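Hi,

Here is the structure I promised to pass on. Please have a look, then read my notes below.

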Amino acid sequence: MDKQEICIMKKQPLEIHTARLCLRQITAEDAPILVELRSEPESYRFFRAPHRLTLVEHICWYEEKYLADKNRFDWLALREETPIGSFSLKRLQEDVACAEISYLLAPEMRGNGYAAEAVNALLQWGVERWKIRQGIAEIHCDNIASRRFAERMHFSFWKEDPPFICYRKNL
């Protein structure tokens, strides 16, 4: 698949429906929502580049990197049409059946099982679409809530990459 085909595919958003959520592939129009989600200080302090994301940064990333990347799909989680979080599934290498899952839920939505529902659905999508056999989650060592979530999702400690801890799960 060439860059143009990937770009066209990503501009026609895929959807995954779970019992309570619609996971819709992100679009350019989602930029303000995604920037708002990523700009919550208690969340972005655990990112690789911990800073408040700007709209310009997001748009540049989306247009220059995301649309051309056939190994990464980002999703907006909607509960009754209201955005509640964003999720990403990134195939680490095409020839390796492994993908990294990442998740970000609005603070007021945490603790309701939405993240588990979305992560399970996206890992299943990765199994069906990419034939992945293993999920990876890289979590900042200080993000205790996310580490506990990964463990509840049956991810287990794999290795350290300070300041991150890497977890993996066989699918």
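**Pockets and overall build**

The second largest pocket holds about 210 Å³ of space. Keep in mind that this is a predicted model. Lining that pocket are 15 residues, and E36, L37, P83, A106 and E108 lie nearest its centre. By type, the lining of the second largest pocket splits into 9 nonpolar, 2 polar and 4 charged residues.

Now the largest pocket. Its space comes to about 1600 Å³. The lining has 50 residues, and R38, F47, S102, Y103 and L104 are the closest to the centre. Of the lining residues of the largest pocket, 23 are nonpolar, 12 polar and 15 charged.

On to the chain as a whole. There are 6 helices and 8 strands in the protein chain. Starting at the N terminus, the order is α-β-β-α-α-α-β-β-β-α-β-α-β-β. The radius of gyration is 15 Å, close to the 16 Å that the globule rule gives for 171 residues, so the chain is as compact as a globular protein of that length. Along the principal axes, the C-alpha atoms fill a box of roughly 40 × 35 × 35 Å.

Of the 171 residues, 45% count as buried. The chain exposes about 9500 Å², with carbon and sulfur atoms supplying 50% of that area. Take the contacts between residues at least 6 apart in sequence: 57% of them join residues at least 24 apart.

Best wishes

How values were computed. Residues numbered from 1 in each chain as written. Predicted model: local features only at pLDDT ≥ 70, side-chain atom pairs only at ≥ 80, totals over all residues. Heavy atoms only, no water. 1 Å grid on protein atoms, 1.4 Å probe; cavity = no way out; pocket = protein on both sides within 12 Å on 5 of 7 lines; lining within 4 Å. Points joined across faces, edges and corners; volume = space filled by probe spheres on them. Nonpolar A, V, L, I, M, F, W, Y, C, P; charged D, E, K, R; others polar. Helix = DSSP H or I, 4+ residues; strand = E, 2+ residues; numbered from the N terminus. Rg over C-alpha atoms; globule rule 2.2 N^0.38 Å. Buried < 20%, exposed > 50% of the residue type's maximum accessible area, 1.4 Å probe, protein only. Contact = heavy atoms within 4.5 Å. Areas by Shrake-Rupley, 256 points an atom, 1.4 Å probe, with all protein chains shown as cover.
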